[in-house]
Amino acid sequence: MDTAIVTGASSGIGLSVSRTLCTLGYEVYGFGREFGTDVFLTSGLTERAFHPVACDVTDTQKLLQAVKQISADQRVRVLVNNAGTAYYGLHEELNPKKIQQMVRTNLEAPMILTQQLLRQLKKNAGYIINIASVTASAANPHGCAYGATKAGLSNFTHSLFEEARKYGVKAVAIYPDMTKTNLYRNADFLEGEEEEAYLLPEEAAQAVEFVLSMREGAVVTDITLRPQLHRIRRKKS
């Protein structure tokens, strides 16, 4: 059985992607800072197919130990770098700790995980799917640092594809717009109330499924997902 590794798998897009991969027949190792004791009751996941790994991706030593153990025992064919964190506001109002957390979670961890697994993914003609953001290709006032990390992830994905494509590796970036997740917990805004003003995590998972459904020899390297409406609402103080 092929194995997939998904980061940020305890909620949101990562949880939806994990559920989809299990349905497709993958054995999934999902990384998250913490998993509730009822994760299998509330998520629709099964213990046979999904293996929660409690690990903060910024804890590099623990991350390396976990991924080395998995790759030693399993045939890893899919890596989904989804874990992300965001802080919004004027750049001068951030602090070094918040900037470092975004860089390490959104960019450093995907590069480290990819480096650790790339030889096996080459051997297995595997997939590296990076969940970026529409902010990767736009100016982001009140989100300068976050947008920069996602731009870096986008560039990393494109460069990696050119480097590894001759080995059968598929490197793909998915760019969701406003999605109904807890990414905005540190922001002063939320997605709009209308259903047409946000994406659902399941729709990002559908994009992952589409990437995996392409025939060998064809690769969709970039997928942008947008809601029909562009609306946000301010959080009540």
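Modeller: Welcome! Two strands pair if DSSP finds at least two bridges between them. Keep in mind that this is a predicted model.

Colleague: Thanks! Which residue of β2 is the bridge partner of A4?

Modeller: V28 is the partner of A4. The pairing of β1 (residues 2-7) with β2 (residues 27-32) is parallel and has five bridges.

Colleague: What is the order of the strands in the open sheet?

Modeller: Its seven strands, paired in parallel, follow the order β3-β2-β1-β4-β5-β6-β8. Since β3 (50-54) and β8 (222-225) are at the edges with a single partner strand each, one side of each has no neighbour in the sheet. On average, and ignoring direction, neighbouring strands are turned by 20° against each other.

Colleague: Which strands does helix α1 touch?

Modeller: Helix α1 (residues 12-23) packs on the sheet and touches β1, β2, β3, β4 (75-81), β5 (127-131) and β6 (170-176). Its direction is at about 170° to that of β1. Helix α5 (residues 144-164) lies across β5, β6 and β8, at about 155° to β6.

Colleague: How should I read two helices packed together?

Modeller: Two packed helices are described by the angle between their axes and the distance between the axes. Here, the axes of α3 (residues 60-73) and α4 (residues 96-123) come within 11 Å and cross at roughly 30°. Angles under 35 degrees count as roughly parallel, so α3 and α4 are roughly parallel to each other. Their crossing is right-handed.

Colleague: Which residues make the contact?

Modeller: Among them are L63, L64 and V67 of α3, and I112, L113 and L117 of α4. The residues of this contact divide into six nonpolar, four polar and three charged.

Note on methods: Residues are numbered from 1 along each chain as its sequence is written. This is a predicted model: local features need pLDDT of at least 70, side-chain atom pairs count only at pLDDT 80 or more; totals for chains, interfaces and linings use all residues. Side-chain values use heavy atoms; hydrogens and water are left out. Helices (H or I, at least four residues) and strands (E, at least two) are DSSP runs, numbered from the N terminus. Axes are lines fitted to C-alpha atoms, for helices over the stretch in contact, and angles run from 0 to 180 degrees between N-to-C directions. Contact means heavy atoms within 4.5 Å. Angles under 35 degrees count as roughly parallel, over 145 as roughly antiparallel, 65 to 115 as roughly perpendicular and the rest as oblique. A crossing is left-handed if the near helix is turned anticlockwise from the far one by less than a right angle, and right-handed if clockwise. Ala, Val, Leu, Ile, Met, Phe, Trp, Tyr, Cys and Pro count as nonpolar, Asp, Glu, Lys and Arg as charged, and the others, Gly among them, as polar.
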